[in-house]
Amino acid sequence: MPTTQQRSLTGPPRPRTTPQSSAAAAPVDVPIPSDPEALRRLPADRLPGLARTLRRRLLEICSRTGGHLGPNLGVVELTIALHREFRSPAEPIVFDTGHQAYVHKMITGRADLSGLRSAGGVSGYPDRSESPHDVVENSHASGSIAWAHGLDRAHRLAGVDGATVAVIGDGALTGGVGLEALNELATDRGSRTVVVLNDNTRSYAPTVGGLAAHLAALRAGDVAPGEDVFTALGLGYVGPVDGHDLGALAQALTRARVLAEAEDRAGVLVHVVTRKGAGFARAESDLVDQWHSTGPFALEEQEEAARAADTWTARLGRAVLDAARADERVVALSAAMIDPVGLTPMQREMPERVLDVGIAEQLALDTAAGLSAGGRRPLVALYATFLNRAHDQLLLDLALHREDVVITLDRAGVTGDDGPSHHGIWDLALATQVPGLSLWAPRDAERLEEAVPAALGTPGPSIIRFPKGACPPVQPARTRIPAGDVLAGDHEAPVDLLLVSIGALAPRAVQAAEELLAERTDLNVLVIDPVQALPLQDPLLDLAGRARAVVTLEDGLAERGVGAALAVRLQSRATLAHPAPVVRTLGVAGEFIAHAKRDQILSAQGLDADGIAATLRAVLG
């Protein structure tokens with residue numbers, strides 16, 4: 001779950017003393033083994049040197065490519081210990097929110113992380129096409145325990161020996177499915193599932209909730225042996241153990257294996273305490289997210305880089321704060337991502353009106369429903385990809401009850417580097433199925449700032465979606481008509497082709513239309529941004545019905561989005577005397593798209609100006 005802003009390069013570039021085994025003195029650099037078997041052959045006294053090598057390699061690679069640096073610095077020793085105790089891939093290791101799997105990749109034959117997060121290069125998450133050691137590609141949080149337990153059940157049914165391992169952060173354990181899986185695992189006597197709880201007290205920000213408080217008490221030694229919540233559930237419990245002490249980790253994981261192989265016992269949880277960003281001073285001292293994710297940065301000390309370009313997230317944050325100042329009923333919520341979704345300005349000024357519910361999107365929407373029913377105006381800020389996990393709540397708790405809840409979706413559409421599980425291309429298809437839902441897809445930051453108060457003032461559930469990264473230049477409207485903003489063409493003349501542009505692809509739509517108009521001066525190609533994309537309004541439908549042909553453009557699924565809904569509505573209005581116009585929907589193919597830069601993906605999908613113009617020519621024949 002990345003952020004795009006380049007990091008401030010304050011402080012010295014040198015790491016702190018690298019965490020290592022308590023028995024080790026100054027470690028000697030050790031080359032990265034070619035595979036886990038080679039790792040297991042290394043003498044224990046060489047492991048601190050290996051940890052040092054891995055940390056330095058992480059810094060070198062992420063300084064060039066960007067990536068999830070903080071989480072991976074924190075699991076260096078833990079990953080070494082896991083691969084020495086468990087024999088992957090025969091004993092699968094499932095990484096929850098797989099952004100913590102860089103070290104795992106390096107140990108399993110991908111030491112150089114070649115082309116990390118770039119087209120054709122190594123994915124920033126586990127990827128089955130890269131290695132049999134990568135088990136689960138979906139990098140959404142909280143599912144690892146259920147995956148590992150399911151694999152364990154399958155192995156036992158097939159008579160296959162060995163353990164399965166889930167590596168889950170304390171932040172991900174706030175997710176409902178993680179807690180559901182622990183509850184179910186505790187009832188399965190004979191399970192050989194080992195849950196490794198990587199407790200670094202954070203997701204992006206510090207972990208919240210009662211479970212976080214309980215883990216803090218365990219870390220402090222304030223809970224008597226056998227009185228922890230995991231033992232109370234019926235699980236074996238080992239820990240807490242220092243996640244940067246290789247000797248202690250080896251003992252704890254060996255103990256976990258013994259417990260897991262006992263026939264009368266359910267699953268085992270190993271409580272490992274780590275430091276996010278461990279070994280790199282700038283990450284450990286970053287109070288926002290300890291370099292959870294970073295763009296490229298300089299290893300050597302230098303002046304702070306120029307201010308990052310103004311981002312969609314930053315503009316959303318300012319608009320939400322303005323709305324909260326104007327209306328005391330506004331309450332903001334997020335699912336463990338206050339800063340990445342732009343709520344930090346409001347949290348700093350009005351902390352009592354910003355709620356972090358943990359990694360629990362379903363909880364966020366239902367809490368918002370209750371706030372709305374109680375007279376507040378809740379705004380839930382999420383990444384677009386994570387709305388998928390709360391579709392039931394959107395449909396049957398918000399829409400069915402007509403609750404006034406605004407959902408802002410950051411990283412909507414094609415996001416790029418993080419690959420299939422993080423592209424926000426499904427939200428428009430979901431939104432078109434929800435009765436009574438209003439949706440804004442602003443084409444630029446000015447429209448975004450207008451959308452926030454508009455949505456907060458609209459009855460029922462609303463969505464505001466916008467892409468990742470820097471805001472594009474403002475795309476001015478020639479005029480505003482009932483159907484929307486006219487961006488190109490003559491709205492008063494008969495329309496040969498109507499191009500309906502949904503969202504931030506508008507500049508490409510205008511460029512394509514102008515290219516076509518330069519070729520064919522006899523044509524009237526009209527580009528319209530409906531501003532409020534859902535529900536489809538009669539003036540837009542009337543305008544489209546009078547056009548000879550209609551092309552819709554959106555950064556979402558071509559076959560299931562706003563364009564597809566528009567085509568259905570136009571067909572429902574058609575008669576023999578007045579047939580519907582030809583409609584072509586331009587959008588993203590219904591497939592899982594590999595990681596690459598956003599512009600590369602859009603071009604490959606025919607969503608750059610050249611591709612749009614080609615479609616317009618084809619429609620016009």
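Modeller: Happy to! R443, D444, E446, R447, E450, R480, D485 and D529 are linked in a network of salt bridges. This is a predicted model, where local features need pLDDT of at least 70, side-chain atom pairs count only at pLDDT 80 or more, and totals for chains, interfaces and linings use all residues. Residues are numbered from 1 along each chain as its sequence is written, and side-chain values use heavy atoms, leaving out hydrogens and water.

Colleague: What makes R110 and E130 a salt bridge?

Modeller: The term asks for a side-chain nitrogen of Lys or Arg within 4 Å of a carboxyl oxygen of Asp or Glu. The closest N and O atoms of R110 and E130 are 2.8 Å apart, so the pair qualifies. Both residues lie in the loop between α5 (102-107) and α6 (144-157), so the bridge ties together parts that are 20 residues apart in sequence.

Colleague: Why is R110 called buried?

Modeller: Buried means under 20% relative accessible area, exposed over 50%, and partly exposed in between (1.4 Å probe, protein chains only). R110 has 9% relative accessibility, so it counts as buried. E130, at 25%, therefore counts as partly exposed.

Colleague: Why do E515 and R617 count as partly exposed?

Modeller: E515 has 26% relative accessibility, so it gets that label, and R617 gets it because its value is 31%. These two also form a salt bridge, with their closest N and O atoms 2.6 Å apart.

Conventions: Helix = DSSP H or I, 4+ residues; strand = E, 2+ residues; numbered from the N terminus.
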